[in-house]
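User: I would like to learn how to read salt bridges in a protein model. Could you take me through some cases?

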Amino acid sequence: MELVFGPVPSRRLGRSLGVNNIPPPKKCSYSCIYCQIGRTWELTIERRSFHDPWSVAEAVSLKISEIGGQVDYVTFVPDGEPTLDENLGEEARRVKAVVEKPLAILTNSSLIFRDDVRSDLMSFDLVSLKMDAASKDVWRRINRPHPSLSLDEILEGARKFAGEFSGELITETMLIENVNDDPTEIEATADLVAELEPRKAYLAIPTRPPAESWAKPASEETIVKAYESFKERLGSGRVELLIGYEGSGFDLGENPVENILAIASVHPIMIDYAHQALSRFREDPEKIINELVQSGLLKLVKYRGMSFLVRSWRG
Ligand code: SF4
């Protein structure tokens, strides 16, 4: 992959220009069971220099001029863990000096216990922290970390960072069936995420082939429960689902079906709300909902006496 790629559309970041600051083959401190790049062959926690920071800034600046500046974020999102790059802070500062675009990074959080990593992350405008598990055994099963990493240290580092960072902090939690989706683990992870006070907590499922074929997305029922559990702690509007749809979100178009599918991909919809939203198209909401449920595009889930519609990914 090239050093700078895209821009790619992202619901979280709009048009995002990617920076692949860790050259292949993939180097990571985790070997997540759901990783879309496959297993990690170089499992490492050693920070190294991969690029001359100036060449990174130059490549970003060149690409931005080439595409006429049409970018919402420049995002460090390599094939591996971006904080393994010891020049990360310097690269971020140099990129900011040459392009007037907000800078984002998606990190697995594993090295955030280090002072130098937290300091490098401070140069970004938006930081996304991976928070898949709250207990050590689940963390080991889902993220398969480098053996010398400690979850306690990582969580301590994440709390410290969240307390000091003045940019936008978001979190991402991947939900895998029978791995990190039991109610106790979800509640504990929600507590943990709430402590970090992110602007938004994203709940995701794998949408591309995972490193391990047995890593399956959590069920729709679990997603609804997890969503509610996170929402109870963070408040409405601060939890979103990332379950495959990277489209226009709440930009309600004229197509009622597209419309309802887009919303159900972002959060579970109470059935009464779906009726209301659909009735503005003067069609029979009941009929549309039934068709979507029968065709497997939506799933009807009952939770605490209420009925929700959520985007189905099992078809
Ligand atoms: S942290 Fe990211 S790159 Fe590393 S194994 Fe997990 S999903 Fe893959």
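Analyst: What follows goes through the salt bridges of this predicted model.

User: What is the general idea, and how many salt bridges does the structure hold?

Analyst: Side chains of opposite charge can pair when their charged atoms come close. This structure holds 21 salt bridges.

User: Which residue forms a salt bridge with Glu90, and how far apart are the closest N and O atoms?

Analyst: The partner of Glu90 is Arg94, with 2.8 Å between the closest N and O atoms. Both residues lie in helix H2 (residues 88-98), four residues apart, so about one helical turn separates them. Glu90 is partly exposed, at 29% relative accessibility, and Arg94 is also partly exposed, at 31%.

User: Which parts of the chain does the pair of Lys96 and Asp125 link?

Analyst: Lys96 and Asp125 form a salt bridge whose closest N and O atoms are 2.8 Å apart. This pair links distant parts of the chain: Lys96 is in helix H2, while Asp125 is in the loop between helix H3 (115-121) and strand E7 (126-130), 29 residues apart. Lys96 is partly exposed at 34%, and Asp125 is partly exposed at 26%.

User: Is Glu228 buried or exposed?

Analyst: Glu228 counts as buried because its relative accessibility, 10%, is under the 20% cut-off. Its salt-bridge partner is Lys231, the closest N and O atoms being 3.8 Å apart. Lys231 counts as partly exposed, at 28%.

User: Which residues are linked in a network of salt bridges?

Analyst: Arg47, Arg114, Asp116 and Asp120 are linked in such a network.

Methods: Residues numbered from 1 in each chain as written. Predicted model: local features only at pLDDT ≥ 70, side-chain atom pairs only at ≥ 80, totals over all residues. Heavy atoms only, no water. Salt bridge = Lys/Arg side-chain N within 4 Å of Asp/Glu carboxyl O. Helix = DSSP H or I, 4+ residues; strand = E, 2+ residues; numbered from the N terminus. Buried < 20%, exposed > 50% of the residue type's maximum accessible area, 1.4 Å probe, protein only.
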